[in-house]
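Please consult the sequence and the structure alongside the text.

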Amino acid sequence: ERRGYQYAIELDGALAGWVREVSGGDATADVIAEKIGPDGVVRKHIGSARYEDITINCGAGMSKVFYEWIGQMLTNQSSRKNGAVVMTDYNYSPMSRLEFSNALISEVTFPTLDAAAKDPARMTIKIAPEYTRLKKGGGSSAPLKSGSAPRAQKQWLSSNFRLTIDAVDCSRVSKIDAITIQQVVAENPVGELRDLENVPTHLDIANLAVTLAESGAQDFYNWHEDFVIKGNAGQDREKNATIEMLSADLKTVLFTLTLKHLGIYRLIQERSEPGGDSVRRVRAEMYCEEAQFDYSGAAE
């Protein structure tokens, strides 16, 4: 069977898994316009070289080292790694190799989880390299062997999930919006190299937004009334949540995203379209301060 291009991800000299979608990593520079000179011409030059984030879409079946790297970023303990993205042909033979150095994970997006959807679920990972180099072929130091096919990965569907929030009934939650966690990175010039060093500063964690049947939302209404309307919004009234992302058999927990210090701030009724679903639904939105990631069921 003829297959399209596949991408092998390497970290610190070892194969970290296979993915089908990779983009970015190109070198670029800002164009700087100078003041108009006596000849009336605006002279231009370029600034320091910078490198675009490498964006990877992946599911279950990556290596423990890869998921551990994500987990470190979520707890604000980012580590730098060297690696490569190896593009292979339909026989899984290396065609090109994009090497990256001193890279940090700059962003992780967990996908929308929807009980009515049947699509495969994938995380989106953005890697911020200090610099990249593109090489043709597999490269002399590539651990990837020509013709080595990827292993079959565990199926992960966006409909298979379980949400729990402290003292809140979540059994009627049908949808969880995508959650993006960003590592805010500052750029520091590196002298004669003309490159920019990435320096991690802090995490920016998106809100948790869920949709559920109004008939099962009483606990959310009670929390909203106490936290927002009555103003009992201290840390002792914040809650913790876990999102378990399940395999196709609904038995194996592939990933667990733990969200800490949740505070509800918005609870609204969703408008129902004419002729649409007759179930009345509400949408709850909560801020979040910390996150943790467990991958034990998904790692190879």
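Two strands are said to pair if DSSP finds at least two bridges between them. Helices (H or I, at least four residues) and strands (E, at least two) are DSSP runs, numbered from the N terminus. Under these rules, strand E3 (residues 21-24) and E6 pair in the antiparallel sense over 4 bridges. The model is a predicted one, in which local features need pLDDT of at least 70 and side-chain atom pairs count only at pLDDT 80 or more, whereas totals for chains, interfaces and linings use all residues. Residues are numbered from 1 along each chain as its sequence is written, and side-chain values use heavy atoms, with hydrogens and water left out.

## Overall composition

The secondary structure of the protein chain comprises 2 helices and 20 strands. Of its 300 residues, 43% count as buried; buried means under 20% relative accessible area, exposed over 50%, and partly exposed in between (1.4 Å probe, protein chains only). The accessible surface of the protein chain is about 15600 Å², and carbon and sulfur atoms hold 46% of that area. Accessible areas come from the Shrake-Rupley method with a 1.4 Å probe, and for residues only the protein chains shown count as cover.

A contact means heavy atoms within 4.5 Å. Among contacts in the protein chain with a separation of 6 or more, 70% are between residues 24 or more positions apart.

## Strand E6 and its partners

Strand E6 spans residues 54-58 and pairs with strand E10 (residues 123-128) in the antiparallel sense over 5 bridges. Isoleucine 54 has isoleucine 127 as its bridge partner in E10, and glycine 24 stands opposite isoleucine 54 as well. Strand E10 is also joined by 5 bridges to strand E8 (residues 94-110), and these two run antiparallel.

In a regular strand the side chains alternate between the two faces of the sheet. Both faces of E6 are covered: Ile54, Ile56 and Cys58 are buried on one side, and Thr55 and Asn57 are buried on the other. Thus 5 of the 5 residues of E6 are buried.

Glutamate 52 lies in the loop between strand E5 (44-51) and E6. Glutamate 52 touches Gly24, Gly25, Asp26 and Pro129, not counting residues up to four places away in sequence. From glutamate 52 to aspartate 26 the C-alpha distance is 5.4 Å, although the two are 26 residues apart in sequence.

## Two residues of strand E8

Threonine 109 belongs to strand E8 and stands opposite threonine 124 in E10. The side chains of threonine 109 and threonine 180 are joined by a polar contact of 2.9 Å. A polar contact is a pair of N or O atoms within 3.5 Å; within protein, one must be able to donate a hydrogen and the other to accept it, and residues adjacent in sequence count only if both atoms are side-chain atoms. Not counting residues up to four places away in sequence, threonine 109 touches Met123, Thr124, Ala178, Ile179 and Thr180.

Serine 96 is also placed in strand E8.

The table collects the accessibility of selected residues.

| Residue | Relative accessible area | Class |
|---|---|---|
| Glutamate 52 | 38% | partly exposed |
| Cysteine 58 | 1% | buried |
| Serine 96 | 13% | buried |
| Threonine 109 | 15% | buried |
| Cysteine 170 | 8% | buried |

A disulfide is a pair of cysteine sulfur atoms within 2.5 Å, and by this rule the count is 0 disulfides.

A nonpolar core is a set of buried Ala, Val, Leu, Ile, Met, Phe, Trp, Tyr and Cys residues joined through side-chain atoms within 4.5 Å. The largest such core has 65 residues, and Tyr67, Leu208, Phe220 and Phe255 have the most contacts inside it. Strand E18 (residues 253-269) supplies the largest share of this core, with 7 residues.

Helix H1 (residues 64-74) contains the buried residues Phe66, Tyr67, Trp69, Ile70, Gly71, Met73 and Leu74. Tyrosine 67 has contacts that include Met62, Met123, Phe255, Phe293 and Tyr295, not counting residues up to four places away in sequence. After H1 comes asparagine 76, whose phi is positive, near 60 degrees.
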